[in-house]
Structure formats: structure tokens, C-alpha cells
Amino acid sequence: MSQLLGRAVVLIDNGYLSAILRDEFEQARVDYLKLSEIVCKDYHRLRTYVYDCLPYQADPPTLEQQQLYAGKIKFFNALSKLPSFEMRFGKQRPRAGGFIQKGVDVLLAVDLTRLSSKSQIQKAFLIAGDGDYVPAVKTAKDEGVSIKLYYSGAFQTTSDGHTMPKYSNELWQNCDEREEINIALIDQCRFLV
């Protein structure tokens, strides 16, 4: 058996990963532990952090909101019971035409910066697409941490008709390594039930 290359952390922006699974892989259900072990294969996985928001609830919540909330709580509780998994929650706020996540980017950036500055990791595996992570990625790299980005290879059409990737080009450029989330990766960690 080969020696592990060092300590690593997996950082999952779950809103991003969930959208990829929904839009590109027919709502595939994946085993987050298996996914973490696959992406972290040559490293000792210190921890996997999953960043998300609990669904918004009005006061009083509708029946649909209550059901969605209960389903998410069940999912997050299951994740938090996995070995070396940690959940981090931002807030979901209503906005015109839907909802927006607040605080998720900051939580991920703080964890990446903290772990890097204390030399707790040598590698970070980032499943995300948001350009707001760039300052944290640069800081981690300055601390000697190598960053590997897992991203969606799909494209989206903007409101003005332009086609662009479903990830920030600036984030992609600032990471040391990149790997597209493809069907082979999803199939390796897919729940079969």
C-alpha cells in the first residue's frame, strides 16, 4: 500500500452540487462519504465540510415548507452522522422570484483559510463554482495548500442570451488542479436504491 500524501479536506458547496445532480445527472443520489473518499484517495481525509441552508419557512410555515424542511433536516442529520463530516449552515432569504442563500460562501472561505493558516491540511478538494471563493483559495495557496476544483462542465444561457460555463472562470483559473464532475465520477458514488 502506498503512503498517503498528507492531510486534506473536502469542501462541498451543496447548493452547487445539488444543482449539478439535478440538472446534469437526472437527480442522481450520491453517497457523500464515497464521493469524499474518491476525490481524496491519495490523502488522509481530515474532514468533509458540507455547506448549505435550511429551507426558508414563513411565519407560520406552509405545509409544503414544513415538508421540505423536514426532508432537508433528515438529509443533513444523515450526513452529520458520517465519519469526519461537518455541516455548516447559512441562511435562506426570500427574494423576487425565489430564494437566495446567504453566508454559505463566507463559512466555506473561513474554514479553508483557518485550516490552511494553521497548517492542518496540505490539500483541499473544492466542489464549488462561485467566484466569491477566490480570495480564500488564494490565501490557502499562499499558506502552501494545493487546491483541486471539482466543477460542472455544463453551460448555461444568461438572460441576455450569452452562453457561459456553470462555474466562475476566475475560480477555475486560481485553483491548482481541476476535474470536471462527469458521469464516471457520479456512477462511482451513486446510491443504487
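**Exercise 1.** How much space lies in the largest pocket?

*Solution.* The model is predicted: local features need pLDDT of at least 70, side-chain atom pairs count only at pLDDT 80 or more, and totals for chains, interfaces and linings use all residues. Residues are numbered from 1 along each chain as its sequence is written, and side-chain values use heavy atoms, with hydrogens and water left out.

A pocket is an open set of points on a 1 Å grid over the protein atoms alone, with protein on both sides within 12 Å along at least five of seven lines; lining residues have an atom within 4 Å of a point. A volume is the space filled by probe spheres set on the points, which are joined across faces, edges and corners. On this basis, the largest pocket holds about 990 Å³.

**Exercise 2.** State which residues lie nearest the centre of the largest pocket, and which element gives the largest share of its lining.

*Solution.* Step 1: the lining has 31 residues, and Asn14, Ser18, Asp52, Lys72 and Phe75 lie nearest the centre. Step 2: helix 3 (63–80) is one of the elements that supply at least two lining residues, helices being DSSP runs of H or I with at least four residues and strands runs of E with at least two, numbered from the N terminus. Helix 3 gives the largest share, 8 residues.

**Exercise 3.** Describe the salt bridge between Asp52 and Lys72.

*Solution.* Step 1: a salt bridge requires a side-chain nitrogen of Lys or Arg within 4 Å of a carboxyl oxygen of Asp or Glu. The side chains of Asp52 and Lys72 meet in one, at 3.8 Å from N to O. Step 2: this pair links distant parts of the chain, with Asp52 in strand 2 and Lys72 in helix 3, 20 residues apart. Step 3: Asp52 is buried, with a relative accessible area of 4%, whereas Lys72 is partly exposed at 24%. Buried means under 20% relative accessible area, exposed over 50%, and partly exposed in between, with a 1.4 Å probe and protein chains only.

**Exercise 4.** Which residues are linked in a network of salt bridges?

*Solution.* Step 1: the structure holds 10 salt bridges. Step 2: Arg88 and Asp111 form one through their side chains, 3.0 Å from N to O; Arg88 lies in strand 3 and Asp111 in helix 4, 23 residues apart. Step 3: the network links Arg47, Glu86, Arg88, Asp111 and Arg114.

Conventions: On a 1 Å grid over the protein atoms alone, a cavity is a set of points where a 1.4 Å probe fits but cannot get out, and a pocket is an open set with protein on both sides within 12 Å along at least five of seven lines; lining residues have an atom within 4 Å of a point.
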